[in-house]
Amino acid sequence: GVFYERYHSLEDIYYWINKTKQDYSDMVQVILIGSSSEKRPLYVLKLSGRREEVKRAMWIDCGIHAREWIAPAFCMWFVKYALAFYNQNTEITEILNNMDVYILTVMNPDGYKYTWTTDRMWRKNRSYNKESNCLGADLNRNFDANWCTQGASDNPCDPTYCGPFPESEPESQAVARFLRSHKETVKLYLSIHSYSQMLLFPYSCSYDEVPNHNELFEVVKEASAKIRRYYRNNYKYGPGAKTIYLAPGGSDDWAYNLGIKYSFTFELQDRGRYGFLLPPSFIPQACNEALLATKVTALHVIKKL
Ligand code: 0X9
Ligand code: ZN
């Protein structure tokens, strides 16, 4: 429907979360995992196919970075698709029959709100910093993975400010706590960003190769090939540090080190023509490309475990 082909205000997204829970009460639960620095709730949608508790789960977060509007749009697109096509599409049915899916639609609600009201190009959250008038930390530099080394900034006025210490920010702390307490079940971690069209896996916080590098490389290679074949679009793929840049303190590297050995960051459309200002008419294709990559990674994990 046209609803999913638009960007939505934060208020609309909170309303949508509640409506989705009501309309699909048999498949959807809402879990409050914490609150933002401006005290907005962080809600995770839990999608389940089968009624019995399944032993495995995957996690998707969207909107760590405020200005990357296509990311929350993808989380909404994925939820809609999963609920509408469960028991219709074989792949999503297979995924939901084998894994619960946890979805954090807007990890940085304060920043997202700020991009709608005041500064469309804001990236960080909106927390206060001691001894500086500049607000916000980069939530994707705030995790405990070679925290605040080369590729992050210790200056609160910079867009890649790492925060005063790892997990200093309530948003990153809420995600880290949730994943720590669910690490036995969560087998796949996905973080959705834009832009640049890349399918990344650890590490980004160093040039070291992860032990299952070859396997992760093959998975994103397959996803990229499928996107090219189905949608005629090119996605680069590889470990973050070599493919995009060295950037420590990211959620994907942290999740990997926690033990989630399938951990990815997807950078969605485009490659720079519109950048963060991707027009709404691009939402369907951008989301379908990311959906395809999500299916490839999830089906791989199900096959392997
Ligand atoms: O720099 C980032 O955080 C991501 N790129 S973005 O343009 N969306 O800001 C890339 C994240 C890759 N993963 C890690 N750096 N851990
Ligand atoms: Zn980002």
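**Close-up views of a predicted protein–ligand model**

**Figure 1. Secondary-structure elements in the shell around ligand 1.** Helix H8 (251-258) and strand E8 (262-268) each contribute at least two residues to the shell around ligand 1. The model shown here, as in every view below, is predicted. Ligand 1 is surrounded by 14 residues, of which the closest are Asn140, His193, Ser204, Ala247 and Gly250. Sorted by class, this shell comprises three nonpolar, seven polar and four charged residues.

**Figure 2. The fold of the protein chain.** Nine helices and eight strands make up the secondary structure of the protein chain. The C-alpha trace spans about 55 × 40 × 40 Å along its principal axes. A compact globule of 305 residues would have a radius of gyration near 19 Å, and the 18 Å of the protein chain agrees with this. Of the 305 residues, 50% count as buried. Among contacts between residues at least 6 apart in sequence, 76% join residues at least 24 apart.

Figure 3. Leu10, Ile13, Ile17 and Thr20 of H1 are buried. These four lie on the same side of H1, because they cover an arc of only 75° around the axis. An α-helix has 3.6 residues a turn, so residues three or four places apart point the same way. On the other side of H1, the exposed residues are Glu11, Tyr15, Asn18, Lys19, Gln22 and Asp23. The partners against which the buried residues of H1 pack are strand E1 (28-35), strand E2 (41-47), helix H2 (70-85) and helix H4 (109-117).

**Figure 4. Helix H9 and its buried residues.** Helix H9 (residues 283-304) contains 22 residues. From the first C-alpha to the last, H9 reaches 31 Å, close to the 32 Å expected at 1.5 Å a residue. Buried positions in H9 include Ile283, Ala286, Cys287, Glu289, Ala290 and Ala293. Further along H9, Thr294, Val296, Thr297, Ala298 and Val301 are also buried.

**Figure 5. The loop between strands E5 and E6.** A cis peptide bond, with omega about -5°, links Ser194 to Tyr195. Tyr195 is found in the loop between strand E5 (186-194) and strand E6 (198-201). Gln197 also lies in the loop between E5 and E6. Although Gln197 is not a glycine, its phi is positive, at about 55°. Gln197 is buried, since 21 other C-beta atoms lie within 10 Å.

Figure 6. The peptide bond running from Gln269 to Asp270 is cis, and its omega is near 0°. Asp270 is located in the loop between E8 and H9. Strand E8 (262-268) also supplies at least two residues of the shell around ligand 1.

**Figure 7. Asn146 in the loop between helices H4 and H5.** Asn146 belongs to the loop between H4 and helix H5 (170-181). Its phi is near 50°, which is a positive value in a residue other than glycine. Asn146 counts as buried because it has 22 C-beta neighbours inside 10 Å.

How values were computed:
Residues numbered from 1 in each chain as written. Chains lettered and ligands numbered in written order. Predicted model: local features only at pLDDT ≥ 70, side-chain atom pairs only at ≥ 80, totals over all residues. Near = placed C-beta within 6 Å. Nonpolar A, V, L, I, M, F, W, Y, C, P; charged D, E, K, R; others polar. Expected span 1.5 Å × (residues − 1). Buried ≥ 20, exposed ≤ 12 C-beta atoms within 10 Å, placed from the backbone. Rg over C-alpha atoms; globule rule 2.2 N^0.38 Å. Contact = placed C-beta atoms within 7 Å. Arc of directions from axis to C-beta.
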